[in-house]
Amino acid sequence: MKQSFLFTKTRREAPKDEVSKNAQLLIRAGYIHKEMAGVYSYLPLGLKVLNNIENVIREEMNAIEGQEVQLTALQDKNKWEAVDRWDDKNVDVWFKTKLKNDTDISLAYTHEPAITVVMKDYITSYRDLPQYPYQFQTKFRNETRAKSGIFRGREFLMKDLYSFSKTQEELDTFYEKAIVAYKNIFNRVGLGDKTYLTLASGGSFGSKYSHEFQTLTGAGEDNIYIHKGKNIAINDEVYNDETLEMLGIKKEELIQDKSVEVGNIYKLGTFYSGPLELKYTTSTGESKEVIMGSYGIGLGRVMGTIVEVLSDEKGIVWPESIAPFKIHLILLGGKDDKAKNYADELYKKLSEKNVEVLYDDRDARAGEKFADSDLIGIPYRVIVSDKGMEAGKLEMKVRKTGEIQSITEEELFTL
């Protein structure tokens, strides 16, 4: 993409009402637009990052036999009443409305009942199990006070996978596979060394405990107790003698820190399948309720966490795996068209080889281009200038380390 065609522009200052670092940088760099508190639009650069995160997650979900679906955002009141989740006393984040025929509906804040009812059409026998449908779908939550930028929104994109198993043992086996898949995801998006599998409350789903994936950041809303030797943690909501004993963990072995939840997994058991009557027939003809699990990742929250954790004083530092572009090609003005012609040709060659390039062909000062490049945070900055061309070299800066190298065109294509 040529930067001169990009309709978004960088900003020197963030909006005065935006206090979170992730939203400040993403707005300044032109990745997102704030519609209102807790509601953000993703602009061209931001959508590319979000799509890249989605693709990483999709690959790991497919690797554990997930099957992608897309459920409706509009939800039927009756399904939620069946599991006692429609009443605001039990769930207080609903967006509810009515159809013109006076039918009560809502915008989904999660999809467990919806997917359970769908699977009733396809699960009748033990031969139909296990199954692992998942989706990327917008969730709507009427938070009392949306805060922390894209950490906690009223409208956000989530990956939610649901497991349907014959037995508790079958669920337990898949649960461990999901843990490995989640670790792979967070490693691939650059958060692995700061993210811990964390014991947490099971909520109201019938299981005493669940697990979260918590990433260390001073901007986090949670407090966790970390055991670095075992690479696990305990959320302070379940930090007690029982959980310490359950894990061998001793209080002198733990470090307390602030974190943000970037993923969660629950063993739901029959919490939804029981009331909604999702059953299967065993090999001996016995009717049993399906055993379920739920596995969520908020994509915007992951994106915001990456910005919080990996940015520096100059701007965002994207990992190569999810960056909007791999290379930021920058043309510095010369005495004639020689440098421009070469930069144009280099951009064309890179594009033909399917290398993602943002080409800064704007008529702007070098300092402005460099500041914008640091703010936007693309992994490699490559400069075409008269001076470099005389030496037959390109200047490359690695955004993550600040290292500057002189490279040839051939070396550029081996990155």
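This is a predicted model: local features need pLDDT of at least 70, side-chain atom pairs count only at pLDDT 80 or more; totals for chains, interfaces and linings use all residues.
Asparagine 354 sits in the loop that joins helix H8 (338–352) to strand E18 (357–360). Asparagine 354 has a positive phi of about 60 degrees, although it is not a glycine. Most residues other than glycine have a negative phi. Is asparagine 354 buried or exposed? Its relative accessibility is 70%, so asparagine 354 counts as exposed.

Glutamate 65 is not a glycine either, yet its phi is positive, at about 70 degrees. The residue lies in the loop between helix H2 (44–63) and strand E3 (67–68).

Most peptide bonds are trans. Proline 130 belongs to the loop between H4 and strand E7 (133–140).

Now step back to the whole chain. The protein holds 11 helices and 21 strands. Its C-alpha trace spans about 80 × 60 × 45 Å along the principal axes. Of its 415 residues, 51% count as buried. Take the contacts between residues at least 6 apart in sequence: 68% of them join residues at least 24 apart. The accessible surface comes to about 19,700 Å², and carbon and sulfur atoms account for 46% of it. As for charge, there are 58 positive and 66 negative side chains. The centres of these two sets lie 3 Å apart.

Next come the aromatic rings. A pair of them is described by the distance of the centres and the angle of the planes. How many aromatic pairs are there? The count comes to 15. In one of them, the ring centres of tryptophan 80 and tyrosine 109 are 5.3 Å apart and the planes meet at 40 degrees, so the pair is tilted. The two residues come from distant parts of the chain, 29 residues apart. Tryptophan 80 is in helix H3 (residues 77–82). Tyrosine 109 is in the loop between strand E6 (104–107) and helix H4 (112–119). Both tryptophan 80 and tyrosine 109 are buried. They also belong to a cluster, in which ring pairs link Trp80, Trp86, Trp94 and Tyr109.

Phenylalanine 271 and tyrosine 272 form another aromatic pair. Their centres lie 4.9 Å apart, with 75 degrees between the planes, and the pair is edge-to-face. Phenylalanine 271 has a relative accessible area of 22% and is partly exposed. Tyrosine 272, at 1%, is buried.

Lysine 48 lies over the face of phenylalanine 325, at 4.9 Å from the ring centre. Lysine 267 takes up such a place over tyrosine 175, at 4.6 Å from the ring centre.

Asparagine 22 lies in helix H1 (residues 21–28). With a relative accessibility of 0%, asparagine 22 counts as buried. Which residues is asparagine 22 in contact with, leaving aside its neighbours within four places in sequence? They are Ser148, Gly149, Ile150, Phe151, Gly304, Val307 and Glu308.

Isoleucine 115 is found in helix H4. Its relative accessible area is 2%, so isoleucine 115 is buried. Beyond its neighbours within four places in sequence, isoleucine 115 is in contact with Leu71, Pro133, Tyr162 and Phe164. Valine 307, listed above as a contact of asparagine 22, gives a distance to check from here. The C-alpha atoms of isoleucine 115 and valine 307 are separated by 33 Å. Along the chain these two residues are 192 residues apart.

The last stop is glycine 402. It is found in the loop between strand E20 (394–398) and strand E21 (404–407). Glycine 402 counts as partly exposed, at 33% relative accessibility. Its C-alpha atom is separated by 10.0 Å from that of arginine 381, a residue 21 residues apart along the chain.

Conventions: Residues are numbered from 1 along each chain as its sequence is written. Side-chain values use heavy atoms; hydrogens and water are left out. Rings of Phe, Tyr and Trp (its six-membered ring) pair if their centres lie within 6.5 Å; planes under 30 degrees apart count as stacked, over 60 as edge-to-face and the rest as tilted. Helices (H or I, at least four residues) and strands (E, at least two) are DSSP runs, numbered from the N terminus. Buried means under 20% relative accessible area, exposed over 50%, partly exposed in between (1.4 Å probe, protein chains only). A charge sits over a ring if NZ of Lys or CZ of Arg is within 6 Å of the ring centre and within 35 degrees of the ring normal. Contact means heavy atoms within 4.5 Å. Accessible areas come from the Shrake-Rupley method with a 1.4 Å probe; for residues, only the protein chains shown count as cover. Lys and Arg count as positive and Asp and Glu as negative; His and the chain ends are not counted. The place of a charge is taken as NZ of Lys, CZ of Arg, CG of Asp or CD of Glu.
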